[in-house]
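Trainee: Please take me through one part of this structure closely, and then connect that part with other places along the chain that deserve a careful look.

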Amino acid sequence: MSFGSIEAGGTKFVCALGDEDGQIVKRVTFPTTTPDETMKQVFEFFDSYHLKAIGIGSFGPIDVNPSSQTYGYIKNTPKRSWAHYNFVGAMKSRYEIPIGWSTDVNIAALSEAMNGAGAGLKSVLYLTVGTGIGGGAVVDGRILEGFSHPEMGHIKVESHPRDGFQGLCPFHHNCLEGMAAGPTIEARLKQKGNEIDPNHEVWSFLAHYLAQALYAYTVVLSSDIIILGGGVMKSGQLLSKVKKELVERIADYVEIPPIDKYVGLPALGDDTGITGGLLLAIQEYEKVG
Ligand code: ZN
């Protein structure tokens with residue numbers, strides 16, 4: 001059986017063909033331009049296959065509420081030609097098969113939960129710390145959504161006493177993404193994260209914000225594991241700083257799993273997202289059946 005997967009990012013699209021085990025058989029990558037141009041390439045790729053279902057993980061914000069009039073749409077994104085684009089509608093009008101639909105971070109979370117660092121665990125939280133910050137939770141193999149998808153990157157954090165930075169989020173003062181995403185490093189220091197000394201104090205600032213967020217996720221969700229992905233997490237000692245500060249914050253209030261098991265990096269590499277799309281397609285196929 002063949003399944004399709006789309007990892008729709010703000011700068012590039014990855015489309016893949018895979019099997020019922022979630023293994024990728026073939027893939028193509030092309031830049032995200034306009035819906036007309038980009039979807040033409042999507043169709044060119046998938047038209048030659050007989051697929052059982054396709055899973056999409058899209059940049060957002062997107063409408064994931066099945067009872068909404070605009071389910072399947074990309075919402076008010078800064079990528080203007082994609083704002084209010086009916087992505088699932090376009091796919092459904094071309095392919096009369098089940099279409100799974102979620103965010104790019106949620107399909108990465110699904111992938112890590114099923115095949116990666118969270119394999120075998122009941123409840124998995126995945127947070128990506130990169131150009132933006134976003135999180136997804138998977139419980140019993142299902143992506144957690146409600147009226148919408150979570151916006152875990154936008155919880156409020158308290159400033160580090162020595163960090164005078166005002167934040168980059170246009171919507172919130174002192175939200176996690178605005179204070180700790182990759183672009184905040186360059187905005188503070190006029191240098192990119194990978195050029196900065198691992199001992200620079202900026203990493204303590206980022207750890208301070210991330211640990212606050214992880215504390216909140218811990219008391220709200222009690223996931224079995226928190227997986228920290230994204231380019232910023234590859235920097236120096238950030239992960240160990242986050243773990244240390246999280247342990248201090250939790251103190252003994254909640255008995256979390258051993259910290260090195262509780263907070264860690266993803267186990268899957270660059271295929272995380274596109275594999276998650278395949279897993280979502282398989283789930284959608286089994287659901288519709
Ligand atoms: Zn925000």
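Mentor: By class, the lining of the second largest pocket is made up of six nonpolar, four polar and four charged residues, where Ala, Val, Leu, Ile, Met, Phe, Trp, Tyr, Cys and Pro are taken as nonpolar, Asp, Glu, Lys and Arg as charged, and the others, Gly among them, as polar. This is a predicted model, in which local features need pLDDT of at least 70 and side-chain atom pairs count only at pLDDT 80 or more, while totals for chains, interfaces and linings use all residues. Residues are numbered from 1 along each chain as its sequence is written, and side-chain values use heavy atoms, with hydrogens and water left out.

A pocket here is an open set of points on a 1 Å grid over the protein atoms alone, where a 1.4 Å probe fits and protein lies on both sides within 12 Å along at least five of seven lines; a lining residue has an atom within 4 Å of a point. Grid points are joined across faces, edges and corners, and a volume is the space filled by probe spheres set on the points. On that basis the second largest pocket has a volume of about 310 Å³. Its lining consists of 14 residues, of which Trp 101, Glu 145, Leu 280, Glu 284 and Lys 287 are the closest to the centre. Two or more lining residues come from each of β5 (99-103), β8 and α9 (272-288), these elements being DSSP runs numbered from the N terminus, with helices (H or I) of at least four residues and strands (E) of at least two. The greatest contribution is that of α9, which gives four residues. Because domain 1 (3-106 + 270-288) and domain 2 (118-266) both contribute to the lining, the second largest pocket lies between them; the domain bounds come from an automatic or database domain assignment.

The zinc ion has as its protein donors His 154 (ND1), Cys 169 (SG), His 172 (ND1) and Cys 175 (SG), at 2.1 to 2.4 Å; donors are N, O and S atoms within 2.8 Å of the metal (3.2 Å for Na, K and Ca), and since water is not among the atoms, sites may look incomplete. His 154 and Cys 169 both lie in the loop between β8 (142-143) and α4 (176-180), so this pair ties together parts that are 15 residues apart in sequence. The angles subtended by the four donor atoms run from 103 to 122°, which makes the arrangement tetrahedral, a label given to four donors if all angles lie between 85 and 135 degrees. Along the chain the donor residues follow the spacing H-x14-C-x2-H-x2-C. His 154 is partly exposed, at 23% relative accessibility, whereas Cys 169 is buried, at 12%; buried means under 20% relative accessible area, exposed over 50%, and partly exposed in between (1.4 Å probe, protein chains only).

The backbone also deserves attention. Most residues other than glycine have a negative phi, and most peptide bonds are trans. Against that background, Asp 140, in the loop between β7 (133-139) and β8, has a positive phi of about 50° and is exposed, with a relative accessible area of 53%. Ser 222, in the loop between α6 (202-221) and β9 (225-229), likewise has a positive phi, near 45°. The peptide bond from Gly 60 to Pro 61 is cis, with omega near 5°, and Pro 61 belongs to the loop between β4 (53-58) and α2 (87-94).

Val 138, in strand β7, is buried at 2% relative accessibility, and its C-alpha atom is 9.6 Å from that of Ile 107, 31 residues away in sequence. Gly 118, in the loop between α3 (104-115) and β6 (123-129), is buried at 0%; Asp 224, although 106 residues apart from Gly 118 in sequence, is 8.1 Å away, C-alpha to C-alpha. By contrast, Asp 260, in helix α8 (residues 259-262), is exposed at 61%, and its C-alpha atom is separated by 9.2 Å from that of Ser 240.

How values were computed
Four donors count as tetrahedral if all angles lie between 85 and 135 degrees; four count as square planar and six as octahedral if opposite donors are over 155 degrees apart and all others between 65 and 115; anything else is irregular.
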